[in-house]
Amino acid sequence: MMVEHRPVLTFVTHATLILGALVLAFPIYVTFVASTHTLEVVTKSFPLLPGSHLVENYLRALTVGPRDVGATVGTMMLNSLIMALGITFGKISISLLAAFAIVYFRFRLRIVFFWMIFITLMLPVEVRILPTYKVAADLKLLNSYPGLIFPLIASATATFLFRQFFMTVPDELCEAHRIDGGGPMRFFFDILLPMSRTSIAALFVILFIYGWNQYLWPLLITSDQQYYTLLIGIKRMLDVGEGQAEWQIIMASTILAMLPPVLVVIFMQKQFVRGMTETEK
Amino acid sequence: MADVSIRNVTKQFGKSEVIHGISCDIRDGEFIVILGPSGCGKSTLLRMIAGLEQISSGEVVIDGRVVNRLEPAERDIAMVFQNYALYPHMTVYRNMAYGLKMRRMPKDEIDQRVRNAARILELSALLDRKPRQLSGGQRQRVAMGRCIVREPKVFLFDEPLSNLDAKLRVQMRLEIRKLHEDLKITSVYVTHDQVEAMTLGDRLVVMDNGYAAQTGSPLEVYERPANMFVAGFIGSPAMNFMEVTVQEGGQALKLPGDIQIPLNGSALPGWAGKKAILGIRPEHMELDSKGPRTILFTVGQVELLGADTLVHGHIGAGQVPMTVRLPDVHRFEKHATIRLSISQEKLHLFDPETKKRIV
């Protein structure tokens, strides 16, 4: 690697980076500032300094909720959390098992199944949204947690990732385990699962954010406010027709919506990086 | 403790047969080394004994019981893998205890066995470490510990030393030998390293392309190789081969360059006038400037090994290449001519057609 000692260059690169960071952070800052003022201040002017209504706005959002939505931000956050965690754990467990089957078992049409899973990578949720909706409706899954979670629970990406990881695990480990007298599921739980720990942690971060940010699917299948996720809630807060949107509450909800993914990234950053860069062998 | 019988075992992968019917009886407590170049099927044979590979035909019998259809765990064997195959996320202790836990052995007995094995292998201080915190030699010992605690009927080793550096390999070789003398467990050891084979094995099975070329004690295999493959494979540097003519009466050999050497006592009447292949090991020739039946050798490359000198060159007008191993240090000019005598008791003669040993 080239190390250069040119002060001007250092200054320019730092200035560019700081500027970029500011540009990216500014909208979030504005959102935060707007969430600390009264509606009047927010709609009449464009405040750049935090106001004094922070606690009041956030408490109202969490406990009472905005007008016309019918659910508190607290409820919606809980819904979002249930959905995000459900999707995350579901995706991880299903992908682990699918990858385990594809890598370690020789069954009829194994390659066909692998390619079937792999090809679904090319089909985003949006493409299959109508049939999925029909199936969910027929199974009476509309307005329910299983309805929010199950249709999004299979993941070709995660399956593929675990498959690649399992293929790097030496065959001798499986053979040694057979000689030690353990069955296939024991091998899965005792050996493979602990070895995949770092990959699981990395996937957890990615999938949690994916689940939390789901928009189209929950928008389609929730009509009962009690099952709104926070992102849908924010959208509904804007649908006020002729009335006045409660911007300070919307902004507070937005900040709250950003919080869990940020926390997950902060707390799992170390595992995430390790999972992406190293494998335990 | 058990004897093992391999009875006419073959292995097919798809349509191609890679092992063509191997039989071998291994006595209780014996240390058998399966030796051969890479790709000769030696690991496949071992894996069939272990149960990791299906047996296409024939039988493997362990302790009087045909094990063809048994799972590896039911055969009461333990195996050391080339890459050790330790569970990376488990401590040394748990690695060794795992197989016993699977067999639902009581905790205190597991503990006792693991600590005992650790003591034998000098691993007691490392029981809480993970495999990645260990050196190659230590991992190797853990892999052996995992086998010892099981107290199996048969130990199987699949090239266990090939991932170690040269010095460690010598040390571990001695440790394996010592362990075997202490435990007296029937062992099958696969290697391509002839030094390991010679030093460890009570008997060797030399494999060539899916056939057992020869089975015998290390010295038997060295002194009376059954065919040209074994003769060329065992011994380093490899044996010199040259075409010779058996003289009328079968009493002497005519080498390239019109050199004659008598066959001491072992006349070959049936071969008179025919061609044969003569094999001479590099270490069975010596410098001899005066002797009556010396051969002229033209020096090519010289390798000084300190203890020995390897001289590569050729003999006769036919430019037959030959390598000689002389004790001590010798310095020769390139293209110099030296005279060598051959120890007549140590000649090997092979049939040029069948490649099998004649004398």
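Reader: Before we start, what does "partly exposed" mean here?

Author: Buried means under 20% relative accessible area, exposed means over 50%, and partly exposed is in between. This is a predicted model, by the way.

Reader: Okay. Is Phe160(A) buried, exposed or partly exposed?

Author: Phe160(A) has a relative accessible area of 30%, so it is partly exposed.

Reader: How many aromatic pairs does the structure hold over all chains?

Author: There are 25 of them over all chains. One pair is Phe118(A) with Phe160(A). Their ring centres are 4.8 Å apart and their planes meet at 45°, so this pair is tilted.

Reader: Where do Phe118(A) and Phe160(A) lie?

Author: Phe118(A) is in helix 5 of chain A, residues 110-119, and Phe160(A) is in helix 8 of chain A, residues 156-168. The pair therefore ties together parts 42 residues apart in sequence.

Reader: What about Phe155(B) and Phe157(B)?

Author: Those two make an edge-to-face pair. The distance is 5.8 Å centre to centre, with 65° between the planes. Both residues are buried.

Reader: Which residues form an aromatic cluster?

Author: One cluster in chain A includes Phe100(A), Tyr104(A), Phe105(A) and Phe162(A). Phe187(A), Phe188(A) and Phe189(A) are also among its members.

Reader: Which charged ends sit over rings?

Author: Arg163(A) has its charged end over the ring of Phe114(A), 4.1 Å from the ring centre. In chain B, the charged end of Lys274(B) sits over the ring of Trp271(B), 5.6 Å from its centre.

Reader: New topic. What is the volume of the largest pocket?

Author: About 1,000 Å³. It has 31 lining residues. The closest to its centre are Tyr104(A), Arg106(A), Cys174(A), Arg178(A) and Leu52(B).

Reader: Which helix gives the most to that lining?

Author: Helix 9 of chain A, with five residues. Helix 4, helix 8 and helix 10 of chain A also give two or more residues each.

Reader: Let's go to Ala2(B). Where is it found?

Author: Ala2(B) is in the segment before strand 1 of chain B, and that strand covers 4-13. Its relative accessibility is 1%, so Ala2(B) counts as buried.

Reader: What does Ala2(B) contact beyond its sequence neighbours?

Author: Among its contacts are Arg27(B), Asp28(B), Ile62(B), Lys153(B) and Thr186(B). Also, the C-alpha atoms of Ala2(B) and Ile26(B) are separated by 8.9 Å, though these residues are 24 apart along the chain.

Reader: And Thr186(B), is that buried or exposed?

Author: Thr186(B) is at 0% relative accessibility, so it counts as buried. It lies in strand 8 of chain B, residues 186-191. Its side chain makes a polar contact of 3.5 Å with the side chain of Asp28(B). Thr186(B) also touches Val4(B), Glu30(B) and Phe155(B), among others.

Reader: Last one. Which backbone angles stand out?

Author: Most residues other than glycine have a negative phi, and most peptide bonds are trans. The bond from Ser236(B) to Pro237(B) is cis, with omega near -5°. Pro237(B) is in the loop between helix 8 and strand 11 of chain B.

Reader: Which residues have a positive phi?

Author: Asp76(B) has phi near 60°, and Lys355(B) has phi near 65°. Asp76(B) is in the loop between strand 5 and strand 6 of chain B. Lys355(B) is in the segment after strand 20 of chain B.

Reader: Why does Asp76(B) count as partly exposed?

Author: Because its relative accessibility is 26%, and partly exposed starts where buried, under 20%, ends. Lys355(B) counts as partly exposed too, at 43%.

Methods
Residues numbered from 1 in each chain as written. Chains lettered and ligands numbered in written order. Predicted model: local features only at pLDDT ≥ 70, side-chain atom pairs only at ≥ 80, totals over all residues. Heavy atoms only, no water. Helix = DSSP H or I, 4+ residues; strand = E, 2+ residues; numbered from the N terminus. Buried < 20%, exposed > 50% of the residue type's maximum accessible area, 1.4 Å probe, protein only. Contact = heavy atoms within 4.5 Å. Phe/Tyr/Trp six-rings, centres within 6.5 Å; stacked < 30°, edge-to-face > 60°. Lys NZ or Arg CZ within 6 Å of the ring centre and 35° of its normal. Polar contact = N/O pair within 3.5 Å; in protein donor to acceptor, adjacent residues only side chain to side chain. 1 Å grid on protein atoms, 1.4 Å probe; cavity = no way out; pocket = protein on both sides within 12 Å on 5 of 7 lines; lining within 4 Å. Points joined across faces, edges and corners; volume = space filled by probe spheres on them. Lists of a residue's contacts leave out its neighbours within four places in sequence.
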